[in-house]
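Student: I have a model open and want to learn how to read it. Where do I start?

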Amino acid sequence: AVYRIFYSIFGFHPAPLYTFCWLLLVGNVVLAYRFFQTAARTWIEAMLALSITLVHGNFQDLYLSAGTIYDRLWFLFTVLGVVVYAHMRKEPAKVPVRSAMLVCLLCILSMDSKESGVALPLLLVCYECIFVLPGLWREGLAKWLRSVAPLYGALAVISLVFVFLRVHRTFELAANTAYSPHASVGLWFTHIAEYFGILVYNHVAFKAAGAGALERLDQLGPQVR
């Protein structure tokens, strides 16, 4: 849709499209900081995470190629979805219908931008379990479940429709083993090790066991301090 609009209006000239892509990056910087604020304990941690995101060499294609517009749009809608959800869950006793509909729309737009968008509902589940659910144990889980069940039911339907009608019916995706479900603790820590390696430009070789130990150390950090 973006390509057709820009090429129809401006012809095959890259400057307007690149301008739009850079405006997306500027918007994503602002949203990234808001996203990090939802997870960080202090604004300093949020700024540190943002600075690493801005300067890392692995993201140079975002500055040089308009072909990464899918990644820009995916990031925009995914992070915006988490930020909207976090704002909505400041009052955990209820889930406003309008906010829930907006979250569902952002999930659809994220998935439509890039297949990785199917992870947004899972990110929302993680946010709910980490930042909302612990404070509701004493109030009773039945009330909490009734409040979030409609939203997560809708998100589950959207995800299933996307997987079975979009991914499974696209031969290039269905034939790619990377798009097949894989779930194991070892695979999880292997990918975490890859992310740690990216963070240090692969100057340090991380293994799955080392990544698990670092995650455990991070969890114990506040207790040790």
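This is a predicted model: local features need pLDDT of at least 70, side-chain atom pairs count only at pLDDT 80 or more; totals for chains, interfaces and linings use all residues.

Student: How many helices and strands does the protein chain have?

Tutor: Count elements before anything else. Here there are 11 helices and 0 strands. The C-alpha atoms fill a box of roughly 60 × 45 × 40 Å along the principal axes. Of the 225 residues, 29% count as buried.

Student: How do the axes of α7 and α8 cross?

Tutor: Compare the N-to-C directions of the two axes. Helix α7 covers residues 120-132 and helix α8 covers residues 141-167. Their axes come within 10 Å and cross at roughly 160°. Angles over 145 degrees count as roughly antiparallel, so α7 is roughly antiparallel to α8. The crossing is left-handed.

Student: Which residues make the contact?

Tutor: From α7, Pro 121, Leu 124, Val 125 and Glu 128. From α8, Trp 144, Val 148, Tyr 152, Leu 155 and Ser 159. Sorted by type, the contact has 7 nonpolar residues, 1 polar and 1 charged.

Student: And the largest nonpolar core: which residues have the most contacts inside it?

Tutor: The core has 39 residues. Those with the most contacts inside it are Tyr 85, Val 103, Cys 107, Leu 124, Leu 151 and Leu 155. Elements giving two or more residues are α2, α5, α6, α7 and α8. Helix α5 gives the most, with 11 residues.

Student: What is Val 103 in contact with, leaving aside its neighbours within four places in sequence?

Tutor: Val 103 touches Val 84, Tyr 85, Met 88, Leu 124 and Leu 151.

Technical notes
Residues are numbered from 1 along each chain as its sequence is written. Side-chain values use heavy atoms; hydrogens and water are left out. Axes are lines fitted to C-alpha atoms, for helices over the stretch in contact, and angles run from 0 to 180 degrees between N-to-C directions. Helices (H or I, at least four residues) and strands (E, at least two) are DSSP runs, numbered from the N terminus. Angles under 35 degrees count as roughly parallel, over 145 as roughly antiparallel, 65 to 115 as roughly perpendicular and the rest as oblique. A crossing is left-handed if the near helix is turned anticlockwise from the far one by less than a right angle, and right-handed if clockwise. Contact means heavy atoms within 4.5 Å. Ala, Val, Leu, Ile, Met, Phe, Trp, Tyr, Cys and Pro count as nonpolar, Asp, Glu, Lys and Arg as charged, and the others, Gly among them, as polar. A nonpolar core is a set of buried Ala, Val, Leu, Ile, Met, Phe, Trp, Tyr and Cys residues joined through side-chain atoms within 4.5 Å. Buried means under 20% relative accessible area, exposed over 50%, partly exposed in between (1.4 Å probe, protein chains only).
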